[in-house]
Amino acid sequence: MHSREAMQAAHLATLEGALLALLRSAQEDGMDGISVEASADDGQIVIDVTYTANGVPLSGESL
C-alpha cells in the first residue's frame with residue numbers, strides 16, 4: 001500500500017471509531033442517528049453534526 005493510501009486508510013479508521021462513539025452516545029440519549037457534514041470554504045473548515053430520532057433532527061453542533 002502506498003504511503004498516501006495508508007494515511008487515508010488510517011484516517012478513515014479513526015473517523016469510523018469517532019462516529020461509532022458519537023452514535024453510541026446519542027443512543028444513550030434516546031437518539032438513533034447522526035449526520036455529519038464537512039466543508040472547506042476559503043480556507044475555513046466546518047464540521048456540522050446533527051443528531052436524529054426516527055429521521056427527525058433533534059439537535060446539532062458545529063465544530
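In the hairpin of β1 and β2, which residue takes a positive phi? That residue is Asp-42, with a phi near 55 degrees, and this hairpin has two residues between the strands. Before going on, please note that this is a predicted model, in which local features need pLDDT of at least 70, side-chain atom pairs count only at pLDDT 80 or more, and totals for chains, interfaces and linings use all residues. Residues are numbered from 1 along each chain as its sequence is written, and side-chain values use heavy atoms, leaving out hydrogens and water.

Strands (E, at least two residues) and helices (H or I, at least four) are DSSP runs, numbered from the N terminus. Two strands count as paired if DSSP finds at least two bridges between them. β1 and β2 run antiparallel and are joined by nine bridges; Glu-37, for instance, has Asp-48 in β2 as its bridge partner.

Next comes the hairpin of β2 and β3, again with two residues between the strands, where Asn-54 takes a positive phi near 55 degrees. Strand β2 (residues 44-53) runs antiparallel to β3, and six bridges join them. Here Thr-52 has Pro-57 as its bridge partner, while Tyr-51 stands opposite Ser-59.

Put together, the three strands form an open antiparallel sheet in the order β1-β2-β3. Its edge strands, β1 (33-41) and β3 (56-62), each pair on one side only. From one strand to the next, the twist averages 20 degrees.

Finally, helix α1 (residues 3-28) packs on the sheet, touching β1 and β2, where contact means heavy atoms within 4.5 Å. The direction of α1 makes about 135 degrees with that of β1; axes are lines fitted to C-alpha atoms, for helices over the stretch in contact, and angles run from 0 to 180 degrees between N-to-C directions.
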